Amino acid sequence: MKPIVTLTLNPTVDKSTTADHIIPDQKLRCAPPKFEPGGGGINVSRALKRLGAASIAVFPVGGPTGTLLRELLEQEQIQQQPIETESRTRENFIVVDASSGQQYRFGMPGTPLSPQEQQQVLITLKSLAEVPEFLVISGSLPPGVEPEFLMKIVRAAKSMGIKVVADTSGPALHQILQEGVYLAKPNVGELSKMAGVDELDSEAVAQAAHQLVQEGKCTIVVTSLGPQGACVVSQDLVDHVPAPAVKKRSTVGAGDSMVAGLVYGLATGLSVRETVRLGVACGTAATMNPGTELFRKEDVDKLYHWLLQQTLPAAAA
Ligand SMILES: Nc1ncnc2c1ncn2[C@@H]1O[C@H](COP(=O)(O)OP(=O)(O)OP(=O)(O)O)[C@@H](O)[C@H]1O
Ligand SMILES: [Mg+2]
(Lines give C-alpha, C1' and ligand atoms only; values in the text may rest on other atoms or scores of the structure.)
(Ligands and ions follow the chains in the order given, each with its own letter.)
Protein backbone atom coordinates (compact mmCIF):
# COMPACT_ATOMS: atom_id res chain seq x y z
CA MET A 1 0.00 0.00 0.00
CA LYS A 2 1.33 3.45 -0.93
CA PRO A 3 1.58 5.83 2.02
CA ILE A 4 -1.44 8.06 2.48
CA VAL A 5 -0.71 11.79 2.58
CA THR A 6 -2.56 14.05 5.00
CA LEU A 7 -2.61 17.84 4.79
CA THR A 8 -3.23 19.96 7.90
CA LEU A 9 -3.15 23.68 7.15
CA ASN A 10 -4.07 24.70 10.70
CA PRO A 11 -2.13 22.40 13.06
CA THR A 12 -1.81 22.83 16.81
CA VAL A 13 -0.10 21.51 19.88
CA ASP A 14 -2.87 20.54 22.30
CA LYS A 15 -1.88 21.14 25.92
CA SER A 16 -4.23 19.44 28.36
CA THR A 17 -4.43 19.32 32.13
CA THR A 18 -6.81 18.81 35.06
CA ALA A 19 -7.78 21.16 37.89
CA ASP A 20 -9.73 20.16 41.02
CA HIS A 21 -12.30 22.96 40.71
CA ILE A 22 -12.42 25.64 38.05
CA ILE A 23 -13.30 28.86 39.87
CA PRO A 24 -12.62 32.50 39.00
CA ASP A 25 -10.01 34.81 40.56
CA GLN A 26 -8.02 32.19 42.47
CA LYS A 27 -4.86 30.48 41.35
CA LEU A 28 -5.81 27.04 40.09
CA ARG A 29 -3.39 24.21 40.79
CA CYS A 30 -3.21 22.02 37.70
CA ALA A 31 -1.84 18.55 37.08
CA PRO A 32 1.33 18.27 34.95
CA PRO A 33 0.27 19.10 31.37
CA LYS A 34 0.17 16.60 28.55
CA PHE A 35 1.17 17.76 25.06
CA GLU A 36 -0.28 16.17 21.95
CA PRO A 37 -0.11 16.92 18.25
CA GLY A 38 -3.41 18.18 16.84
CA GLY A 39 -5.27 19.39 13.77
CA GLY A 40 -7.50 17.41 11.39
CA GLY A 41 -4.98 15.76 9.05
CA ILE A 42 -2.44 15.18 11.81
CA ASN A 43 -5.06 13.31 13.82
CA VAL A 44 -5.95 11.26 10.75
CA SER A 45 -2.24 10.32 10.44
CA ARG A 46 -2.15 9.31 14.12
CA ALA A 47 -5.30 7.22 13.71
CA LEU A 48 -3.90 5.58 10.53
CA LYS A 49 -0.81 4.61 12.52
CA ARG A 50 -3.04 2.78 15.00
CA LEU A 51 -4.65 0.92 12.12
CA GLY A 52 -1.18 -0.10 10.96
CA ALA A 53 -0.98 2.17 7.90
CA ALA A 54 1.88 4.47 6.97
CA SER A 55 1.09 8.07 6.20
CA ILE A 56 2.98 11.28 5.56
CA ALA A 57 1.71 14.34 7.39
CA VAL A 58 2.21 17.62 5.51
CA PHE A 59 1.69 20.74 7.62
CA PRO A 60 3.12 24.24 8.25
CA VAL A 61 5.17 24.73 11.44
CA GLY A 62 6.91 27.64 13.11
CA GLY A 63 8.60 28.76 16.33
CA PRO A 64 9.18 26.71 19.49
CA THR A 65 5.65 25.22 19.39
CA GLY A 66 6.39 24.11 15.84
CA THR A 67 9.55 22.35 17.03
CA LEU A 68 7.53 20.66 19.78
CA LEU A 69 4.88 19.57 17.27
CA ARG A 70 7.56 17.94 15.13
CA GLU A 71 9.10 16.19 18.14
CA LEU A 72 5.72 14.88 19.29
CA LEU A 73 5.04 13.42 15.85
CA GLU A 74 8.52 11.93 15.75
CA GLN A 75 7.85 10.22 19.09
CA GLU A 76 4.74 8.69 17.54
CA GLN A 77 6.81 7.66 14.51
CA ILE A 78 4.68 9.57 12.05
CA GLN A 79 6.45 10.54 8.84
CA GLN A 80 6.31 14.26 8.24
CA GLN A 81 6.94 16.92 5.62
CA PRO A 82 6.76 20.20 7.56
CA ILE A 83 6.78 23.59 5.82
CA GLU A 84 8.57 26.26 7.86
CA THR A 85 6.53 29.38 8.62
CA GLU A 86 7.51 32.72 10.04
CA SER A 87 4.69 32.71 12.62
CA ARG A 88 4.74 30.26 15.48
CA THR A 89 2.42 27.25 15.56
CA ARG A 90 -0.57 27.78 17.84
CA GLU A 91 -1.14 25.95 21.11
CA ASN A 92 -4.66 25.02 22.18
CA PHE A 93 -5.55 24.49 25.80
CA ILE A 94 -7.83 21.84 27.26
CA VAL A 95 -8.65 21.62 30.94
CA VAL A 96 -10.83 19.11 32.75
CA ASP A 97 -12.60 20.18 35.94
CA ALA A 98 -12.09 17.07 38.09
CA SER A 99 -15.07 17.89 40.36
CA SER A 100 -17.58 17.79 37.51
CA GLY A 101 -15.66 15.83 34.87
CA GLN A 102 -16.45 18.63 32.41
CA GLN A 103 -13.92 19.47 29.76
CA TYR A 104 -13.18 23.05 28.65
CA ARG A 105 -11.52 23.45 25.26
CA PHE A 106 -9.84 26.73 24.34
CA GLY A 107 -8.95 27.07 20.66
CA MET A 108 -6.41 29.73 19.70
CA PRO A 109 -6.40 31.53 16.36
CA GLY A 110 -4.46 29.65 13.74
CA THR A 111 -1.00 30.56 12.50
CA PRO A 112 -1.17 32.88 9.48
CA LEU A 113 0.23 31.50 6.24
CA SER A 114 1.78 34.03 3.84
CA PRO A 115 1.25 33.67 0.06
CA GLN A 116 4.87 32.42 -0.24
CA GLU A 117 4.28 29.81 2.48
CA GLN A 118 1.09 28.69 0.75
CA GLN A 119 3.08 28.33 -2.45
CA GLN A 120 5.56 26.20 -0.53
CA VAL A 121 2.74 23.90 0.61
CA LEU A 122 1.74 23.41 -3.01
CA ILE A 123 5.35 22.74 -4.07
CA THR A 124 5.76 20.20 -1.25
CA LEU A 125 2.68 18.30 -2.38
CA LYS A 126 3.77 18.36 -6.01
CA SER A 127 7.26 17.08 -5.21
CA LEU A 128 6.53 14.16 -2.88
CA ALA A 129 9.00 11.32 -3.42
CA GLU A 130 6.15 8.95 -4.27
CA VAL A 131 2.79 10.03 -5.70
CA PRO A 132 0.21 8.80 -3.18
CA GLU A 133 -3.12 7.23 -4.05
CA PHE A 134 -4.95 9.35 -1.47
CA LEU A 135 -4.58 12.89 -0.13
CA VAL A 136 -6.65 13.66 2.97
CA ILE A 137 -7.35 17.37 3.42
CA SER A 138 -8.74 17.86 6.89
CA GLY A 139 -9.35 20.66 9.35
CA SER A 140 -9.95 24.39 9.31
CA LEU A 141 -8.13 27.10 7.37
CA PRO A 142 -5.70 29.42 9.21
CA PRO A 143 -5.87 33.21 8.85
CA GLY A 144 -4.73 34.53 5.48
CA VAL A 145 -5.70 31.42 3.54
CA GLU A 146 -8.59 31.87 1.13
CA PRO A 147 -10.78 28.84 0.42
CA GLU A 148 -9.71 29.19 -3.24
CA PHE A 149 -6.27 27.93 -2.20
CA LEU A 150 -7.84 24.54 -1.52
CA MET A 151 -9.10 24.47 -5.09
CA LYS A 152 -5.53 24.90 -6.32
CA ILE A 153 -4.42 22.00 -4.14
CA VAL A 154 -7.23 19.76 -5.31
CA ARG A 155 -6.57 20.66 -8.95
CA ALA A 156 -2.86 19.85 -8.58
CA ALA A 157 -3.62 16.57 -6.77
CA LYS A 158 -6.14 15.46 -9.35
CA SER A 159 -3.75 16.24 -12.21
CA MET A 160 -1.30 13.83 -10.53
CA GLY A 161 -3.96 11.13 -10.36
CA ILE A 162 -4.39 11.45 -6.58
CA LYS A 163 -7.81 10.81 -5.01
CA VAL A 164 -8.76 13.60 -2.61
CA VAL A 165 -10.60 12.94 0.65
CA ALA A 166 -12.02 16.12 2.17
CA ASP A 167 -13.12 16.78 5.75
CA THR A 168 -13.55 20.47 6.32
CA SER A 169 -16.46 22.86 6.80
CA GLY A 170 -18.01 26.19 5.84
CA PRO A 171 -16.66 28.13 2.86
CA ALA A 172 -13.63 25.80 2.67
CA LEU A 173 -15.87 22.77 2.11
CA HIS A 174 -18.08 24.67 -0.30
CA GLN A 175 -15.07 25.75 -2.35
CA ILE A 176 -13.29 22.41 -2.32
CA LEU A 177 -16.40 20.72 -3.69
CA GLN A 178 -16.55 23.17 -6.58
CA GLU A 179 -13.37 21.50 -7.79
CA GLY A 180 -14.75 18.00 -7.13
CA VAL A 181 -13.24 15.41 -4.75
CA TYR A 182 -13.27 11.63 -4.49
CA LEU A 183 -14.75 11.40 -1.00
CA ALA A 184 -16.22 14.02 1.33
CA LYS A 185 -17.09 13.40 4.98
CA PRO A 186 -19.42 16.14 6.17
CA ASN A 187 -21.32 15.70 9.42
CA VAL A 188 -25.04 16.24 9.19
CA GLY A 189 -24.77 19.92 10.19
CA GLU A 190 -22.16 20.58 7.50
CA LEU A 191 -24.27 18.81 4.88
CA SER A 192 -27.37 20.79 5.94
CA LYS A 193 -25.49 24.07 5.50
CA MET A 194 -24.40 23.07 2.03
CA ALA A 195 -27.96 22.11 1.16
CA GLY A 196 -29.10 25.51 2.52
CA VAL A 197 -31.51 24.07 5.11
CA ASP A 198 -31.64 24.08 8.91
CA GLU A 199 -32.05 20.36 9.46
CA LEU A 200 -32.08 17.15 7.44
CA ASP A 201 -33.89 13.93 8.35
CA SER A 202 -32.31 10.66 7.28
CA GLU A 203 -34.08 10.53 3.91
CA ALA A 204 -33.15 14.14 3.20
CA VAL A 205 -29.51 13.39 4.12
CA ALA A 206 -29.35 10.78 1.38
CA GLN A 207 -31.04 13.15 -1.08
CA ALA A 208 -28.70 16.06 -0.31
CA ALA A 209 -25.67 13.76 -0.60
CA HIS A 210 -26.99 12.30 -3.84
CA GLN A 211 -27.27 15.79 -5.26
CA LEU A 212 -23.57 16.41 -4.53
CA VAL A 213 -22.75 13.23 -6.45
CA GLN A 214 -25.03 14.22 -9.35
CA GLU A 215 -23.38 17.64 -9.55
CA GLY A 216 -19.96 16.00 -9.85
CA LYS A 217 -18.78 17.42 -6.53
CA CYS A 218 -17.92 14.05 -4.98
CA THR A 219 -17.77 10.44 -6.07
CA ILE A 220 -18.62 9.21 -2.56
CA VAL A 221 -20.27 11.17 0.26
CA VAL A 222 -20.12 9.76 3.79
CA THR A 223 -22.31 11.85 6.08
CA SER A 224 -21.57 11.19 9.73
CA LEU A 225 -24.57 11.29 12.05
CA GLY A 226 -22.92 11.15 15.50
CA PRO A 227 -24.59 8.44 17.64
CA GLN A 228 -26.79 7.51 14.65
CA GLY A 229 -23.78 6.29 12.64
CA ALA A 230 -23.37 7.31 9.01
CA CYS A 231 -24.97 7.37 5.58
CA VAL A 232 -22.91 6.63 2.48
CA VAL A 233 -24.04 7.70 -0.96
CA SER A 234 -22.43 7.17 -4.35
CA GLN A 235 -23.83 7.05 -7.89
CA ASP A 236 -25.44 3.64 -7.35
CA LEU A 237 -25.51 3.18 -3.57
CA VAL A 238 -27.36 4.50 -0.54
CA ASP A 239 -26.55 2.74 2.71
CA HIS A 240 -27.28 3.70 6.32
CA VAL A 241 -24.94 2.24 8.94
CA PRO A 242 -25.94 2.46 12.61
CA ALA A 243 -23.34 3.21 15.27
CA PRO A 244 -22.97 0.30 17.73
CA ALA A 245 -24.11 1.12 21.27
CA VAL A 246 -21.06 1.68 23.48
CA LYS A 247 -20.26 3.44 26.73
CA LYS A 248 -19.43 6.92 25.49
CA ARG A 249 -16.61 8.76 27.27
CA SER A 250 -15.59 11.58 24.89
CA THR A 251 -16.47 12.26 21.27
CA VAL A 252 -13.30 14.30 20.69
CA GLY A 253 -11.50 12.90 17.65
CA ALA A 254 -14.46 10.79 16.47
CA GLY A 255 -14.65 12.57 13.10
CA ASP A 256 -10.89 12.29 12.41
CA SER A 257 -10.89 8.63 13.47
CA MET A 258 -13.75 7.94 11.09
CA VAL A 259 -11.88 9.60 8.20
CA ALA A 260 -8.84 7.42 8.95
CA GLY A 261 -11.04 4.30 8.85
CA LEU A 262 -12.58 5.39 5.54
CA VAL A 263 -9.30 6.08 3.77
CA TYR A 264 -7.73 2.92 5.20
CA GLY A 265 -10.68 0.87 3.91
CA LEU A 266 -10.43 2.37 0.43
CA ALA A 267 -6.64 2.03 0.31
CA THR A 268 -6.77 -1.63 1.31
CA GLY A 269 -9.42 -2.50 -1.27
CA LEU A 270 -12.50 -2.93 0.92
CA SER A 271 -15.85 -2.38 -0.80
CA VAL A 272 -17.58 0.96 -0.16
CA ARG A 273 -20.10 -0.77 2.14
CA GLU A 274 -17.28 -2.37 4.16
CA THR A 275 -15.31 0.87 4.16
CA VAL A 276 -18.10 2.91 5.71
CA ARG A 277 -18.55 0.25 8.40
CA LEU A 278 -14.86 0.48 9.22
CA GLY A 279 -15.23 4.27 9.38
CA VAL A 280 -18.14 3.99 11.81
CA ALA A 281 -16.21 1.41 13.87
CA CYS A 282 -13.22 3.80 14.17
CA GLY A 283 -15.43 6.80 15.01
CA THR A 284 -17.41 4.91 17.63
CA ALA A 285 -14.28 3.27 19.09
CA ALA A 286 -12.85 6.78 19.56
CA THR A 287 -15.86 7.72 21.72
CA MET A 288 -15.02 4.86 24.14
CA ASN A 289 -11.83 6.63 25.29
CA PRO A 290 -11.70 9.65 27.59
CA GLY A 291 -10.42 13.12 26.65
CA THR A 292 -8.53 13.62 23.43
CA GLU A 293 -7.51 9.97 23.10
CA LEU A 294 -8.18 8.31 19.75
CA PHE A 295 -9.34 4.69 19.47
CA ARG A 296 -7.83 1.36 20.50
CA LYS A 297 -7.31 -1.02 17.59
CA GLU A 298 -8.92 -3.94 19.52
CA ASP A 299 -12.13 -1.89 19.93
CA VAL A 300 -12.17 -1.07 16.21
CA ASP A 301 -11.76 -4.75 15.28
CA LYS A 302 -14.60 -5.81 17.58
CA LEU A 303 -17.00 -3.11 16.43
CA TYR A 304 -16.17 -3.65 12.75
CA HIS A 305 -16.87 -7.37 12.94
CA TRP A 306 -20.06 -6.76 14.88
CA LEU A 307 -21.22 -4.29 12.22
CA LEU A 308 -20.42 -6.71 9.42
CA GLN A 309 -22.29 -9.54 11.13
CA GLN A 310 -25.31 -7.42 12.00
CA THR A 311 -25.63 -5.35 8.87
CA LEU A 312 -23.64 -7.03 6.09
CA PRO A 313 -23.64 -10.78 6.82
CA ALA A 314 -22.37 -11.74 3.37
CA ALA A 315 -19.15 -9.77 3.90
CA ALA A 316 -18.66 -11.19 7.39
CA ALA A 317 -18.98 -14.79 6.18
N1 LIG B 1 -22.27 9.37 20.78
C2 LIG B 1 -21.77 8.51 19.89
N3 LIG B 1 -21.98 7.17 20.02
C4 LIG B 1 -21.48 6.28 19.14
N5 LIG B 1 -20.74 6.65 18.07
C6 LIG B 1 -20.51 7.95 17.88
C7 LIG B 1 -21.00 8.96 18.76
N8 LIG B 1 -20.57 10.18 18.33
C9 LIG B 1 -19.84 9.94 17.21
N10 LIG B 1 -19.80 8.61 16.94
C11 LIG B 1 -19.10 7.93 15.84
O12 LIG B 1 -18.15 8.80 15.24
C13 LIG B 1 -18.54 9.10 13.88
C14 LIG B 1 -18.23 10.55 13.58
O15 LIG B 1 -18.92 11.35 14.51
P16 LIG B 1 -19.62 12.73 14.17
O17 LIG B 1 -20.76 12.54 13.25
O18 LIG B 1 -19.90 13.38 15.48
O19 LIG B 1 -18.46 13.48 13.36
P20 LIG B 1 -17.96 14.98 13.42
O21 LIG B 1 -19.10 15.89 13.78
O22 LIG B 1 -17.24 15.23 12.17
O23 LIG B 1 -16.94 14.89 14.64
P24 LIG B 1 -15.77 15.89 15.06
O25 LIG B 1 -16.43 16.80 16.03
O26 LIG B 1 -14.77 14.98 15.65
O27 LIG B 1 -15.32 16.58 13.80
C28 LIG B 1 -20.01 8.72 13.79
O29 LIG B 1 -20.36 8.39 12.46
C30 LIG B 1 -20.09 7.54 14.75
O31 LIG B 1 -19.59 6.35 14.15
MG1 LIG C 1 -15.82 16.77 11.74
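How many bridges join strand S10 to S11? Strand S10 (residues 181-184) and S11 are joined by 3 bridges and run parallel. Strands, of at least two residues (E), are DSSP runs numbered from the N terminus, and two strands pair if DSSP finds at least two bridges between them. The model is predicted, local features need pLDDT of at least 70, side-chain atom pairs count only at pLDDT 80 or more, and totals for chains, interfaces and linings use all residues. Residues are numbered from 1 along each chain as its sequence is written, chains are lettered from A and ligands numbered from 1 in the order in which they are written, and side-chain values use heavy atoms, with hydrogens and water left out.

Strand S11 spans residues 218-224. Of its 7 residues, 6 are buried, where buried means under 20% relative accessible area, exposed over 50% and partly exposed in between (1.4 Å probe, protein chains only). Val-221 in S11 stands opposite Ala-184. Val-221 also stands opposite Val-233 in S12. Strand S12 (residues 230-234) pairs with S11 in the antiparallel sense, over 4 bridges. The two strands S11 and S12 form a hairpin with 5 residues between them. In the turn, Gly-226 has a positive phi of about 55°.

The cysteines were examined next. The structure holds 0 disulfides, a disulfide being a pair of cysteine sulfur atoms within 2.5 Å. The sulfur of Cys-218 has its closest cysteine sulfur in Cys-231, 13 Å away, which is too far for a bond. Cys-231 is likewise in no disulfide. Cys-218 is buried at a relative accessible area of 3%. Cys-231 is buried too, at 0%.

The largest nonpolar core has 42 residues. Such a core is a set of buried Ala, Val, Leu, Ile, Met, Phe, Trp, Tyr and Cys residues joined through side-chain atoms within 4.5 Å. Leu-7, Leu-135, Ile-137, Ile-153, Ile-176 and Val-181 have the most contacts inside it. Beyond residues up to four places away in sequence, Leu-7 touches several residues, including Val-58, Val-121, Leu-125 and Ile-153; contact means heavy atoms within 4.5 Å. A second, separate core of 38 residues includes Val-44, Val-259, Val-276 and Leu-307.

Pro-3 lies in the segment before strand S1 (4-7). Pro-3 is buried, with a relative accessible area of 19%. Leaving aside neighbours within four places in sequence, Pro-3 contacts Ala-54, Ser-55, Ile-56, Glu-130 and Pro-132. The C-alpha atoms of Pro-3 and Ala-166 are separated by 17 Å, and these residues are 163 residues apart along the chain.
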